[in-house]
Structure formats: structure tokens, C-alpha cells
Amino acid sequence: MIKVVLDTSVFIAALLSKSQTSTPVLVLNSWRGQCFTLVMAPQLLRELVVKLMRKQVPQADIEDLVTLIAEAALHISGTYEATRLDDIDPDDNIFLAAAYEAKADYLVSLDRQHLLPLKHYHGTQILTPALFIRVIKAAASDQI
């Protein structure tokens, strides 16, 4: 099964979306449907919870998500550090490090300024949610 790191922006967009057909929502639903393995490190989870709280996502939704992550994600130690890239937000390095540590196939992000322009990082392809959904659909049709 493919391994995927989701940028916090994807979780936020999905949880705040008013449309159940938005691509961030489809990404989370694909994970819930076991179409891919979510990679999670302690620092990613910390950032996710803090940012969801700042965005005033309901506490019950945050708790449900954390419970699901605890049960269904691939947990890594988060001991790697990404090479500090001059043109990237230092906070984004945790996603690159997690992708490298887990040997993730994909890193899915909405960060058009820092992460998406990289396109690849040590074997991990960096995609928007829309492109990732196309990858998932193509993989599903190949298995039929």
C-alpha cells in the first residue's frame, strides 16, 4: 500500500470544507477507506492539533481525528531532520523529514509557495490533493 504524508493544510481544508466533494475531503475519505497508509510523526500530530485548535475546529472533531490517526496511521519516530532548504518555510521541514524517514510515496499539500514547487524530495512525489486523487483513482482502476 502506498505511504502518504499529509500536510496540515490538507487536514484543515478538509475539516473546514463546506463541500463533501472538495479534494481535501476526498483525500481524507480515501485514507479512511484504506486506499493509502497515512504516515504520522509526533511533531506532525502536534502541529495538526495546534493548528486545528487555532482554526476553531470543534474539539470533538479534533478528538475523533486524533483517535483515528492513533488507530489507523503508520507511526514513525520523527527522528529525522530534513535538510534546511533556503527557500522553504522552516516549519515545512517536518513534512519533508517524515516523508524521508517513512520512505513515503507521496506528500500531499496545498502549500503552493514552499512545498509544491519542490515536486520531489528524496523519492517522495509532492502533489496537490487534486492530483493525488487522480493517482488514487488510477491505482484503483489498475487493480480492477
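Student: Where does Lys119 sit?

Tutor: Lys119 is in the loop between E4 and E5; helices (H or I, at least four residues) and strands (E, at least two) are DSSP runs, numbered from the N terminus. This is a predicted model, where local features need pLDDT of at least 70, side-chain atom pairs count only at pLDDT 80 or more, and totals for chains, interfaces and linings use all residues. Residues are numbered from 1 along each chain as its sequence is written, and side-chain values use heavy atoms, with hydrogens and water left out.

Student: Is Lys119 buried or exposed?

Tutor: Exposed, with a relative accessible area of 53%. Buried means under 20% relative accessible area, exposed over 50%, and partly exposed in between (1.4 Å probe, protein chains only).

Student: And what is its phi near?

Tutor: Phi of Lys119 is near 65°, a positive value in a residue other than glycine. His122 also has a positive phi, near 45°. His122 sits in the loop between E5 and E6 and counts as exposed at 56% relative accessibility.

Student: What about Ser109, buried or exposed?

Tutor: Ser109 is buried, at 0% relative accessible area. Its place is in the loop between E4 and strand E5 (120-121).

Student: What does the side chain of Ser109 reach?

Tutor: The backbone nitrogen of Asp111, at 2.9 Å. Ser109 also touches Asp7, Ser9, Val10, Leu115, Leu116, Leu127, Thr128 and Pro129, not counting residues up to four places away in sequence. Contact here means heavy atoms within 4.5 Å.

Student: Switching to H6. Which of its residues are buried?

Tutor: Pro129, Phe132, Ile133 and Ile136. They cover an arc of only 105° around the axis, which puts them on the same side of H6; the arc is that of the directions from the helix axis to the C-beta atoms. On the other side of H6, Arg134 and Asp142 are exposed.

Student: What do the buried ones pack against?

Tutor: Strand E1 (3-6), helix H1 (8-16), helix H2 (23-32), strand E4 (106-108) and strand E6 (124-127).

Student: OK, salt bridges. How many does a search of the whole structure find?

Tutor: One. A salt bridge is a side-chain nitrogen of Lys or Arg within 4 Å of a carboxyl oxygen of Asp or Glu. Lys51 pairs with Glu47, and their closest N and O atoms are 3.9 Å apart. The two are four residues apart in helix H3 (residues 42-54), so about one helical turn separates them. Lys51 is partly exposed at 29% relative accessibility, while Glu47 is buried at 15%.

Student: Last one: how many residues does the largest nonpolar core have?

Tutor: It has 42, and those with the most contacts inside it are Val5, Leu6, Phe11, Phe36, Leu38, Ile69 and Phe132. Helix H5 (residues 93-102) gives the most to this core, with five residues. A nonpolar core is a set of buried Ala, Val, Leu, Ile, Met, Phe, Trp, Tyr and Cys residues joined through side-chain atoms within 4.5 Å.

Student: What is Leu38 in contact with?

Tutor: Val4, Leu6, Phe11, Trp31, Ile69, Ala73 and Leu74, leaving aside its neighbours within four places in sequence.

Definitions and conventions:
A polar contact is a pair of N or O atoms within 3.5 Å; within protein, one must be able to donate a hydrogen and the other to accept it, and residues adjacent in sequence count only if both atoms are side-chain atoms.
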